[in-house]
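Try each task before reading its solution.

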Amino acid sequence: MSTDATDGVGLVRAAMEDLGLTVRAEREQALAAEREALCQQAERLRRHLEPTDEPGRLDLRPPG
Amino acid sequence: MDAIDLCYLSLVDVAELVRTRQVSPVELAQAALDRAERLQPSLNAFIRLDGEGLLREARRADGEIASGAYRGPLHGVPISLKDLLAVAGELTTAGSRILSDARPNEDAAAWTRLKAAGALLVGKTNLHEFAFGATSVNLHYGPARNPWDSTRVPGGSSGGSAASISAGVGYASIGSDTGGSVRCPAALCGVTGLKPTYGRVSRAGAFPLSWSQDHVGPIARSAWDCAVVLDAIAGPDPADPTTLGVAASPVAGTLHGQSHGLRGLRLGIFSALGDEYLEPGVRTAFDLAVEQLVGLGAEVTTIEVPEEHDLLDAASVILMAEAAAIHLPWLRTRPDSYSDEVRGRLEAGALVPAVDYIDAERARRKLVPRVLERMAAVDAVLSPTVPIGAPPIESTHIRVGDREVDPRGVLLRLTRFFNVTGQPAISVPCGFTEDGLPVGLQIAAQPWREDVILRVAHAYQRVTEWHKHRPALD
């Protein structure tokens, strides 16, 4: 990452710059909070996962 | 019959009048166009009306039907499309400034099939910018408004579609639903909205929000009308591989002459959904609807789904990451062309780590089969569609009981679940709040069992009148 990413806002700023996105100073705090919330959601999901669980596109079609 | 009554007929009824040549497609088209133009200043339901094209095609349909080449129940019937469904050579904005000049080369698959069935296009309906929101408060084209109270939102993101059907403009509208965007506006506008099974209807030509949760489906005045439209747009399409391998199974014909009762059918109240943030008037209407279903002979129990919150977590992570991936090029080059609201959501999605997205997909793949197995204990599950009545436009706080809530965070709370599982779900009107705002009943079933939810919805609408109420626009 191109800048110091030691806290949430720093991480957001660095990630935005790496993605080539314009950083709006007034949005950094909110973005850091939203990113943290999404990361917590993903973290909660990990308790269900075993190493053999694979990702895959939702496919509800019957076999065959 | 006066022009307003004509506009408010069900699709099934108007199709019969067209078939028997008691009314002509030109009469229908002119009535729909007049009404759309008259109500556009107050409802802003459309981004674009195409009167010239509508009347031209109506005359063509007239001639075909007169010559005996009747194609079926959509022939000569005016409908509309959410303005993220492509019409070749015509503006298709997705409610955005970025695509304000976009003219796709090909029709969306749903429109291709509707055209082949003889449907007429009234226009393209207003929506939340890029379908990324539930209010249809659109910065670029102005807010779509709720026909029951024009100071309130129609819901979203297919808000213009639901508002137009509620207002008596056209006999069906095609929307898209990634977190409830067909069902939520249908509920808030007092009409019927169907989200089919993921893979039932091709998404080709529908501008995406989240590839793995997007669904295309109809909004109309009744479940039977939705079934007629579903039959026309469903089925395999090589342009959308998720539709391949499952044969179309027409359902509208099964509703005709169906027994009124639901004896032998097991319905489960989805207990995990709905207790929080549920407005008292919504609860009352829902409870009454359940009693009516019991009265029809259904056996009603409650169903526990402990995976609910986890799957909603997965839905959020997947939606945000997929939407950001779709929009990243424009976020880089044209960030100021987005509303602050949508830009902020997309930026947040761009920050989702790859491993989080992958783990959300892994969890989804693992948990969905468990949920479907639990739900196999019943034939269909029930919940309110939206926990509240339509909130005021631009409101950021409303009171529900003793809580202050942001309505934007509540509107899709009860619908998102069925996007991440891909199950079919329908919303039918089931009453009104104390403020006189429509309430929806949501019915969902196992994948590919649209026949079950339509059977329940149709039986319910045979013994209730909620779907026949009209807002005071005239």
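Buried means under 20% relative accessible area, exposed over 50% and partly exposed in between, with a 1.4 Å probe and protein chains only. Strands (E, at least two residues) and helices (H or I, at least four) are DSSP runs, numbered from the N terminus. This is a predicted model, in which local features need pLDDT of at least 70, side-chain atom pairs count only at pLDDT 80 or more, and totals for chains, interfaces and linings use all residues. Residues are numbered from 1 along each chain as its sequence is written, and chains are lettered from A in the order in which they are written.

**Exercise 1.** Find out why strand S3 of chain B is largely enclosed.

Solution. Locate residues 120–125 of chain B, which form S3. Six of the six are buried, so the strand is largely enclosed by the rest of the structure.

**Exercise 2.** Determine how S1(B) and S2(B) each run relative to S3(B).

Solution. Two strands pair if DSSP finds at least two bridges between them. Start with S1(B), residues 46–49: three bridges join it to S3(B), antiparallel. There, B:Leu49 has B:Gly123 as its bridge partner. Next take S2(B), residues 78–82: five bridges pair it with S3(B) in the parallel sense. In this pair, B:Leu81 stands opposite B:Lys124. Now follow the chain from S2(B) through helix H5(B), residues 109–116, to S3(B): this β-α-β crossover is right-handed. That means a clockwise path from the first strand over the helix to the second, with the strands pointing away from the viewer.

**Exercise 3.** Describe the make-up of chain A.

Solution. Count elements: two helices, zero strands. Then check burial: 36% of the 64 residues in chain A are buried.

Terms used
Side-chain values use heavy atoms; hydrogens and water are left out.
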